[in-house]
Amino acid sequence: MKKFTSVHDIGDLKTALEKAKYVKENPFADQESGKNKTLLMIFFNSSLRTRLSTQKAALNLGMNVIVLDINQGAWKLETEKGVVMDGDKPEHMLEAIPVMGAYCDIIGVRSFAQFHNKVDDYNEVVLEQFIRYSGKPVISMEAATRHPLQSFADLITIEEFKKTLRPKVVLTWAPHPRALPQAVPNSFAEWMNATDYEFVITHPEGYELDEQFVGNATVEYDREKAYRGADFIYAKNWAAYRDPNYGKILSTDRSWTVDAQKMALTNHAYFMHCLPVRRNMIVTDEVIDSPQSIVIPEAANRVVSAQTVLKEILK
Amino acid sequence: MKKFTSVHDIGDLKTALEKAKYVKENPFADQESGKNKTLLMIFFNSSLRTRLSTQKAALNLGMNVIVLDINQGAWKLETEKGVVMDGDKPEHMLEAIPVMGAYCDIIGVRSFAQFHNKVDDYNEVVLEQFIRYSGKPVISMEAATRHPLQSFADLITIEEFKKTLRPKVVLTWAPHPRALPQAVPNSFAEWMNATDYEFVITHPEGYELDEQFVGNATVEYDREKAYRGADFIYAKNWAAYRDPNYGKILSTDRSWTVDAQKMALTNHAYFMHCLPVRRNMIVTDEVIDSPQSIVIPEAANRVVSAQTVLKEILK
Amino acid sequence: MKKFTSVHDIGDLKTALEKAKYVKENPFADQESGKNKTLLMIFFNSSLRTRLSTQKAALNLGMNVIVLDINQGAWKLETEKGVVMDGDKPEHMLEAIPVMGAYCDIIGVRSFAQFHNKVDDYNEVVLEQFIRYSGKPVISMEAATRHPLQSFADLITIEEFKKTLRPKVVLTWAPHPRALPQAVPNSFAEWMNATDYEFVITHPEGYELDEQFVGNATVEYDREKAYRGADFIYAKNWAAYRDPNYGKILSTDRSWTVDAQKMALTNHAYFMHCLPVRRNMIVTDEVIDSPQSIVIPEAANRVVSAQTVLKEILK
């Protein structure tokens, strides 16, 4: 594996899941592979789970880890080409990226959608510059359009908890006070479409995701119909994708909050969320504190997905 | 040892001091015990000594270390239960803590008293949530009411420098321009009360500490009487504890600054302070720069106390 | 080697270059020497290359690394002696430095010139306190007047790329929107003067550097004459050194920007810069993107210079 930025990099999902299972059961079995290898983790945005779980995964593999928060202790980076750099950004990505690449063996990058320019976001201008200029394998630690380490952990978790071969998995939009990128729902949809699960997306009108991610999923505006018979409810907020509303909040309708009443429509479904989650906006305390909530094992699997990916790249 | 949050977790003090002595003389003797174990250090507040010495202690034991400053690079955490999270805090401690626990073997937490609510501070609401929800051994890296790694290092230092079996140890309040928590004096008192030393606390009226920490100590308002014959002067500022003045500054009286005149009353006492110390507020340059000042060996012993505690937890 | 703060600490340059060559070819050959040794890196200022390359160098040597950004997560430090510390700085360097020294084996310090007081800057008041009070070997990670890890990497790079035994190396001032310290040009000049290269400095009048650094270099105000026949163009901005203009910007004349027209005057010279570089202020896109630009290999050599220095200190 030369990079890990989407489901397309992981190869056959069954094989990937078997590798993940092995890693989970044998976390310290491959420490020779990481010896004298350095993972550099670059954060343009905040992180808790990704920061900790990816470090842990690399340490389990015997790697060295260097963490850099671009906005704390480093230089602000210019991304535009051809500009006269007389403003507040003293360094250009064109230098910073190959320099970073010179000091490590694998680079992880977190760079969210900025909602300034949809074309830039969906072209992954930051992530793509890292792939192009760093000279090293790049893993996405959540980019503008996808969060593949999360989606892989989600898939591992569903495989661990599913009670039927082909569960019904429902991705539901939920309200949130801030405009959030589509990376998590896009990516989750992309991974679910690569399985043979029954996959349904439900959201208020106007929140349609990019068709390349929706793929063959069933989009169901009738929320109750979507919930009915679900084995997994995967909640997430996102801001509008479609023009002219890209990046805008169209609704904060709390009838979309995942609550016990709606969960009662399901096939005793598990509740999932990538975290951080706003309680009583995205999901009620009652649901997230219930035994059906698997958000903690889901987060714990972030070590497993990251370690599986790093191990493949180290090969 | 399952946690380390007060003197009550350390067991017999003589045994603890022997273990500390061994650790100090053999810092790298137990590297197998920390192999593939990860210490996660969580800071809600600033830190110099604790940050560095606890990392050093864990590295000496062969552990991996991950440091997280909650206010830099992570998400702001909600602590109240039952709220609708539509404000500036995107993550709840109820998720963040078990997630952190999933990525490590031991958690260190620094969370100071906030002086908003005395009951919350003295119930250690943050630390207790870590103990309850992380699923991992928790060590206090200074919580709202105690700073046990400091107190243990203080005890080790007194044992190293004492010239009589049962020295007279005096904790003296000293002035400071900011309102500071009672964690260090509370904790120091708790540890001194667990020894057979002669232990005296002196402070202006109104600065009485919580009785559970004062214990059998002699509280002496006559400062000169307190200093007389002292073998160790331990200076520290704290804000008022008693209602209705909790968290308030009642005095900035510089006659309480530790100076050469007052030190002359003692039995050629050593000067101690947990650091950081404000020179010429808490203590004069003359005293802290004198050979009787042992603040640096005291700080150096922070590695020893932390390593002794981590080693016990790893067992 | 007990410290590394200037070219005077490195000894014979030929031997140092041979050691650097060995380190570059055998990066993991000396891991026993760093075992159980800890490098503490203290940053008072931002850093990308130094932060990453020095960590990488220490990890290559098997060392542990602890990074501390003084302005993030630690306490603000007082540097003046004799003051009553009743302001916003809770800790004095007189305590902080020996405490830091107690927790590590080697200390790296980054502390830029502040332009408040030329005497303080040129006396290296911060760096010198670390040397005096830490009790441990100190390496400069760029101080007020020099950046020796950069200059050593520059020298290694010139040795790798030079086509004649005694190349002509030209240090040219270039415009910049902020007032920058003289550490990089001072240090580069000091190292170039220690070689047998032909070394020329060119800058607008008023930008003369301190004579102790200029040494035997040719100072050439006729920029075209300076460029003519150059094998290496080393660009850098700096603020004025001479009184009464210390720390001031006297010119932002973009005719000093390194461009293709001026490079055409040279002997097909390589372009060098310590980075971060402001494109189209210091150098045009055309020049820095050309094959003659060696800024990335130059930055990559920062691992080599740091590792060579750390290895010598560990001996």
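1. Lining of the largest pocket. In this predicted model, the residues that line the largest pocket divide by class into 18 nonpolar, 18 polar and 12 charged residues. The lining comprises 48 residues, and those that lie nearest the centre of the pocket are Leu59(A), Asn64(A), Leu59(B), Leu59(C) and Asn64(C). The volume of this pocket comes to about 2,000 Å³.

2. Relation between the copies. The copies use different surfaces, since 3% of the contact residues of chain A recur in chain C.

3. The interface of chain A and chain C. In this pairing, 31 residues of chain A are in contact with 34 residues of chain C, and the area buried between the two chains is about 2,800 Å², with carbon and sulfur atoms giving 61% of that area. On the chain A side, Trp75(A), Glu95(A) and Tyr103(A) lose the most area to chain C, and together they account for 25% of what that side buries. Two salt bridges are found across this interface. Glu95(A) also forms a salt bridge with Arg279(C), in which the closest N and O atoms are 2.7 Å apart.

4. The interface of chain B and chain A. Here 31 residues of chain B are in contact with 34 residues of chain A, and about 2,800 Å² is buried between them, 61% of it on carbon and sulfur atoms. Of the area that chain B buries against chain A, Trp75(B), Glu95(B) and Tyr103(B) supply 25%, which is more than any other three residues. Two salt bridges are likewise found across the interface of chain B and chain A. A salt bridge also joins Arg49(A) and Glu91(B), with 2.7 Å between the closest N and O atoms.

5. Domains of chain A. The domain assignment of chain A gives a domain 1 made of two segments, 3-146 and 302-314, and a domain 2 that covers 150-299. The C-alpha centres of these two domains of chain A lie 25 Å apart, and the contact between them takes 29 residues from domain 1 and 33 residues from domain 2.

6. The surface between the domains. Domain 1 of chain A and domain 2 of chain A bury about 2,400 Å² between them, and 66% of this area is on carbon and sulfur atoms. In domain 1 of chain A, the residues that lose the most area to domain 2 are Phe115(A), Lys118(A) and Tyr122(A), which together make up 30% of what that side buries. Three salt bridges are found across the interface of the two domains of chain A. Within chain A, the side chains of Glu160(A) and Lys24(A) meet in a salt bridge, at 2.8 Å from N to O.

Definitions and conventions:
Residues numbered from 1 in each chain as written. Chains lettered and ligands numbered in written order. Predicted model: local features only at pLDDT ≥ 70, side-chain atom pairs only at ≥ 80, totals over all residues. Heavy atoms only, no water. 1 Å grid on protein atoms, 1.4 Å probe; cavity = no way out; pocket = protein on both sides within 12 Å on 5 of 7 lines; lining within 4 Å. Points joined across faces, edges and corners; volume = space filled by probe spheres on them. Nonpolar A, V, L, I, M, F, W, Y, C, P; charged D, E, K, R; others polar. Contact = heavy atoms within 4.5 Å. Domains from an automatic or database assignment. Buried area = accessible area lost by both parts, 1.4 Å probe. Salt bridge = Lys/Arg side-chain N within 4 Å of Asp/Glu carboxyl O.
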